[in-house]
Amino acid sequence: MVHGYRKRGLPGPCLSRPAWRAGTCLAPEDSRWAMAAVAEGLEPETAAVEDAARDATDAADAGLGAPPLLVGNRLSLDLYPRGCHRLLHLCAQQVRQLLEVEFLRLSGHEDPQLLQATLARLPWSLPRLRSLVLKGGQHRDALGACLRGSLATLPASLSGLAHLAHLDLSFNSLETLPACVPQLCGLGALLLSHNCLSELPEALGALPALTFLAATHNRLQTLPTALGSLSTLQRLDLSENLLDALPPEIGGLSSLAELNLASNRLQGLPASLAGLRSLRLLVLHSNLLASVPAGLARLPLLTRLDLRDNQLQDVPPELLDAPFVRLQGNPLGGPSPAPHSPPGTPVVPEMPRLLLTSDLDSFAVTPLGCSVTLACGVRLQFPVGATATPVTVRYRLWLPEPRLVPLGPHDSLLSGVLELQPHGVAFQKEVGLWLLFVPPRARRCREVVVRTLSDNSWSDLETHLEEEAPKRLWARCQVPHFSWFLVVSRPVSDACLVPPEGTLLCSSGHPGVKVTFPPGATEEPRHVRMQVVRVGSRELPALLGEPEAATSPLLYLSQSGPPSFLRPVTVQLPLPPGVTGLSLDRSHLHLLYRAPPAATWDDITAQVALELTHLYARFQVTRFSWSVPPPTASSVPHPCPGLRTPLTPSLPRYWLWYTTKTCVGGLARKAWERLRLHRVNLIALQRRRDPEQVLLQCLPRNKVDSTLRRLLERYRGPEPSDTVEMFEGEKFFAAFERGIDVDADRPDCVEGRVCFVFYSHLKNLKEVYVTTTLDRRAQAVRGQVSFYRGEVPEEVPEEAGAARQKRGADAPWMATLPIKLPRLRGSEGPGQGAGLSLAPLNLGDAETGFLTQSNLLNVAGRLGPDWPAVALHLGLPYRELQRIRHEFRDDLDGQIRHMLFSWAERQAGQPGAVGLLVQALEQSDRRDVAEEVRAVLELGRRKYQEGIQRTSLAPGDLGPSGSSASQSAEPAQA
């Protein structure tokens, strides 16, 4: 038996992704073994097809063993050398299993004549074939770019594949579509991307079952009119071509849900696009469009219309304010003088659109459905018929905290927590949910998912990512009912359903990690999940003091059903980097295991039979957990009364180590903790205009310099703290000391100590006002702020100073930074410095009323996603809106405040500025905010008149100005 070979691609739902996208890669070790088998069992390839066929027949007659490539209904030969030779060899042997093959992969880099001869035999040798992948791209040039395959046509006999539903011809050299393709009546998916096609034939419209057509990165200049007869087509991707127009018949694609025409030369769109009633996604960015049909705004299911980087100077009002439209990069002029909803505009009752302001926390959903944009930027899509009766939906944003954020040991939080009520109410159709999230810093072998609470346990939803701007990302999912939702980044999770016939589970992030379930391993199908965590090789030698130390990826496994399997399951892990099976010392190889909640790693090397190959180690287990399963974890209280959320148990872990150390378990525990630690710095800055306003922030080490450069224009303070290490979701607090205290009651402040929870991707930032009981008129107050780990204790112990001498993850004290409140000058009293940041703007006048910064902050808090319309009516150019969106792309409140205050500063001292603001609010359909501004102005005018009367300056009662001034100054000074 040759141990270097592993079986591939078993039947059923064994792989976590479609067979033609994942789970079929050949490991390097298998490639070497396969080449050795070729050298032993097959003759060298010749140019003549007859020689190749004769070679295959001779090999079969000679009885030369070939690797068991065929397992189940999948045959993957695209990464094997001489894959066509191997297939011809199997055909010459007349292997009966070929009649059951449904999925075949071949490389487009094969010899063209040999490839044609091989394909010509498929209808007779593989009559049940459903998926045929003939991709190129496996070879790369010197710069790493994928090379096209040599496939330029297909044999006519291929039309005899009556069951073929999926055909992938990407990364090849096709200049015309082979004539046999339109004759494949059962074809459902056709992939033609990265070829040399200049046109598509009219015969393409004869494919009655086609649902997906991709022809990106070609040379298409026109489209056939018969394209509109593909009534079943749901996804059409024609991006990166040379199209300058679309045929009107495209409006006949009644089932089309996604249409991508990005990066073409389109100058206009046919009006028939407005008839695509099933369309959800329309991507038109990077074209030459000068206009778009207004009817696109009335498509009932459209959730995204991407018009970025075109030549649009004017956009229909229905599209200008729609939340799903992207218009960046267009030379748009000023806003249209016509109102957004002129009289006579037909109302589309089937899909109302709601834009909630920040003062609203609920909205009504009717059976007609609606599209809703919350003030926080979250979007919801209720399809028609989602609810049979009107339902009032309430929402709330929660600040992240451990009780609300269930994270695995290697997860990272990317968003806040959204609560949607009523909980548990099932909708008749799934509701679309879009959540904004922070782009994750690490993306290799990781994925972004939406996590939700369902049936009293947390689970991850199927999530799709959408990019609105380079750093503005959406996580889209479908939800059957409402609960709590958040976005997390986790290691890629691969899962499969293990049938009694057995299966193979491969890691999509690390192809060398596999778990093989033999036939009979289980009586009933059971679910198995795998996660693989890559381990950096830089810090481990320093941690162990051993340059040769290395580890494999960390493997997590879990299953449903009985804890044991009926037959041993084979687990494969790659050997640690730099270690090969030919040179390693087996006494230095350790297989470690940990089953939570235990904190120790057990060395189980002596309990298993490690089978070593050149690159891999394999062992067999009958159960994933080597210890008695722990009792169900206790539940933790939820911040909302009446709800208790059980803790999700962690997964058993396997880890392969190569080290000369003997007691590896303790070292593994330290290394595992080091994997989860984040290196951060703490800063404490004071506002230059108002030293009593203090900014506290915890920053990743690589973000400190850029953040300080941005803040030091408005803030000043000491150097950041030394680097400290923190876990994701770890609590800490800031305590002001030496005469300085927090100046206001805050929900996150306990006994003058400000609470934090560290999340590596979120802004761990808080601004507080501080005060002091000491006399600042005599001298400045030199205090400090100290940061401590954990929850806020009843009191900070006196020996905290001694604790500062101890550094490390277990020390409560992390850092201390100085805070200085300057000496007060003149008649200033304690707390008056805070008034500097809210000093009245010169916006308006005393008789008509002033608007202060405090008033403008209230206005900013009410605008929400309506702020771009207000900005345009205030006269801000569209380019400035783009700049504000870019600078504050992760902060909606920052966008609004920056827009409003920059406009106010330019209007200072100008007559009619307040009236212009009120008018812009009314034109943007924000009459509620306009009325509030009018009320503030009226209150200011009234106080102004009362002040005149109190100082005896009212008309008809004038007195000596000098005496009046002196009398009013004394109480003010007191």
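The entries below go from ground rules to cores, strands, a helix, loops and cysteines.

**Ground rules.** I am reading a predicted model, where local features need pLDDT of at least 70, side-chain atom pairs count only at pLDDT 80 or more, and totals for chains, interfaces and linings use all residues. Residues are numbered from 1 along each chain as its sequence is written, and side-chain values use heavy atoms, with hydrogens and water left out.

**Cores.** I looked for nonpolar cores, meaning sets of buried Ala, Val, Leu, Ile, Met, Phe, Trp, Tyr and Cys residues joined through side-chain atoms within 4.5 Å. Buried is under 20% relative accessible area, exposed is over 50%, and partly exposed is in between (1.4 Å probe, protein chains only). The largest core has 109 residues. L122, L192, L259 and L305 have the most contacts inside it. I then listed the elements that give this core two or more residues; among them are α3 (83–93), α4 (112–120) and α16 (927–950). Helices (H or I, at least four residues) and strands (E, at least two) are DSSP runs, numbered from the N terminus. A second, separate core has 34 residues, including V498 and V579. In soluble globular proteins, nonpolar side chains tend to be buried together.

I picked L305 and asked which residues it touches. Contact means heavy atoms within 4.5 Å. Leaving out residues up to four places away in sequence, L305 touches L282, L284, L296, L319, F324, V325 and R326.

**Strand β39.** I next checked how covered β39 (residues 677–687) is. Nine of its 11 residues are buried, so the rest of the structure largely encloses this strand. Which strands does β39 run antiparallel to? I found β40 (residues 693–700), with seven bridges. I also found β42 (residues 724–727), with four bridges, and β41 (residues 715–716), with two. Two strands count as paired if DSSP finds at least two bridges between them. L682 stands opposite C698 in β40, V680 opposite V724 in β42, and R687 opposite Y715 in β41. A hairpin of five residues joins β39 to β40.

**Strand β23.** This strand (residues 472–479) is mostly covered, with seven of its eight residues buried. Seven bridges join β23 to β19, and the two run antiparallel. V431 has V479 in β23 as its bridge partner.

**An open sheet.** I traced five strands in the order β45-β46-β43-β48-β49, with antiparallel pairing. β45 (749–750) and β49 (813–821) are at the edges with a single partner strand each, so one side of each has no neighbour in the sheet. Inside the sheet, six bridges join β43 (residues 730–737) to β48 (residues 781–789). There F732 has R789 as its bridge partner.

**Helix α14.** I compared its span with the expected one, which is 1.5 Å times one less than the number of residues. α14 has 16 residues and reaches 23 Å from first C-alpha to last, close to the 22 Å expected. Its buried residues include I896, M899, F901 and W903.

Is Q572 buried or exposed? At 2% relative accessibility, Q572 counts as buried. Q572 is in strand β31 (residues 564–574). Its side chain makes a polar contact with the side chain of R618 (2.6 Å). A polar contact is a pair of N or O atoms within 3.5 Å; within protein, one must be able to donate a hydrogen and the other to accept it, and residues adjacent in sequence count only if both atoms are side-chain atoms.

S255 is in the loop between β7 (235–237) and β8 (258–260). S255 is partly exposed, at 28% relative accessibility. Its side chain reaches the backbone oxygen of S231 at 2.7 Å.

**Backbone angles.** Most residues other than glycine have a negative phi, and most peptide bonds are trans. I noted a cis peptide bond from Q421 to P422, with omega near 10°. S263 has a positive phi near 60°. R738 has a positive phi of about 60° too, and is exposed at 59% relative accessibility.

**Cysteines.** I counted zero disulfides, a disulfide being a pair of cysteine sulfur atoms within 2.5 Å. For C749, the nearest cysteine sulfur is that of C755, 7.2 Å away. C749 counts as buried, at 16% relative accessibility.
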